[in-house]
Amino acid sequence: MKKKNAAGIAAALSVSAAAALLGASSPASATSPGTSTASTVGYVCQSRYDGAWFPINGYSRGFSTMAPAQVALNAAFKVSFDPAPILALGEYNKELTDIEVAYKVSPGAKVLSYRLVGGSNLGSASFHVERRGAEFVVTSPDSIPGGVEFDLPTLEVKLRAPSSAGTVTTAPGGSSFTDRSFGWNRLHPENEQWDPFQCYADPAAPVVFSSTNVT
């Protein structure tokens with residue numbers, strides 16, 4: 001995590017204002033009927049201002065996932081994860097860094113390869129994939145300015161189906177504020193302090209991105 005110290009302006013940030021911290025998420029849309037699924041993930045989120053933590057309630061993001069409905073035993077197939085564009089409001093986010101979005105694949109499938117494709121308005125930020133067991137975290141240590149809508153790269157994962165019948169599922173990764181499903185670190189324009197925006201997928205409303213039957 002990047003940390004920068006600067007003299008802060010004493011101020012309080014209300015929870016209602018915090019709800020607007022990141023701007024509205026754009027809905028993902030299906031691009032290929034029968035193989036693409038649009039999902040909305042609800043998150044449990046928090047951030048910090050002048051050392052005080054506060055919740056961000058009701059935040060969600062859209063994703064479009066492409067996966068076959070059915071594959072044969074031991075067959076190779078591809079799953080792709082395309083997050084909706086992000087607009088982090090400039091009045092709360094002067095600069096963003098350490099952006100993360102996490103996905104997971106059921107462990108019965110063997111990972112053959114993975115790559116990132118696309119993305120827009122990312123400036124000079126370079127993204128890569130970190131493997132964490134059955135999870136894939138798309139992240140970058142580089143900075144992106146706030147107030148500009150950007151689109152993270154799509155993650156494509158090539159898998160081999162298990163040798164026995166079953167189901168290969170995909171879902172959001174992450175499980176806590178320290179193991180984020182989604183988030184970044186932000187420089188607030190008022191106090192010039194870096195603070196985290198941390199989200200994990202709401203366990204009370206689980207989301208399955210895709211489900212592929214193996215027969």
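Is Glu156 buried or exposed, and what is its relative accessible area? Glu156 is buried, with a relative accessible area of 14%. The tour below returns to this residue after a view of the whole chain. Please keep in mind that the model is predicted.

**The whole chain**

Begin by displaying the protein chain as a cartoon. One helix and 15 strands can be found in it. The chain has 215 residues, of which 46% count as buried. Next, consider the contacts between residues with a separation of 6 or more: 78% of them are between residues 24 or more positions apart.

**Glu156 and its two partners**

Select Glu156 together with Lys78 and show their side chains. The two side chains meet in a salt bridge, with a distance of 3.9 Å from N to O. Glu156 lies in strand 11 (residues 154-160) and Lys78 in strand 5 (residues 76-83), so the pair ties together parts that are 78 residues apart in sequence. Lys78 is partly exposed, its relative accessible area being 46%, whereas Glu156 is buried.

**Arg48 and Asp195**

Move on to Arg48 and Asp195. These residues form a salt bridge whose closest N and O atoms are 2.6 Å apart. Arg48 is in strand 1 (residues 36-49) and Asp195 in strand 14 (residues 194-201), so the link ties together parts that are 147 residues apart in sequence. Arg48 is partly exposed at a relative accessible area of 22%, while Asp195, at 4%, counts as buried.

**A network of charges**

Select Glu100, Glu130, Arg132 and Arg180 together. A network of salt bridges links these four residues. In total, the structure holds seven salt bridges.

**Arg61, a buried charge**

For the last stop, select Arg61 in strand 3 (residues 60-66). What is the nearest side chain of opposite charge to Arg61? It is Glu149, 7.3 Å away. Arg61 is buried yet has no salt bridge; a salt bridge requires the side-chain nitrogen and the carboxyl oxygen to be within 4 Å. Finally, display the backbone of Pro85: the side chain of Arg61 reaches the backbone oxygen of Pro85 at 2.5 Å.

Technical notes: Residues are numbered from 1 along each chain as its sequence is written. This is a predicted model: local features need pLDDT of at least 70, side-chain atom pairs count only at pLDDT 80 or more; totals for chains, interfaces and linings use all residues. Side-chain values use heavy atoms; hydrogens and water are left out. Helices (H or I, at least four residues) and strands (E, at least two) are DSSP runs, numbered from the N terminus. Buried means under 20% relative accessible area, exposed over 50%, partly exposed in between (1.4 Å probe, protein chains only). Contact means heavy atoms within 4.5 Å. Lys and Arg count as positive and Asp and Glu as negative; His and the chain ends are not counted. A polar contact is a pair of N or O atoms within 3.5 Å; within protein, one must be able to donate a hydrogen and the other to accept it, and residues adjacent in sequence count only if both atoms are side-chain atoms.
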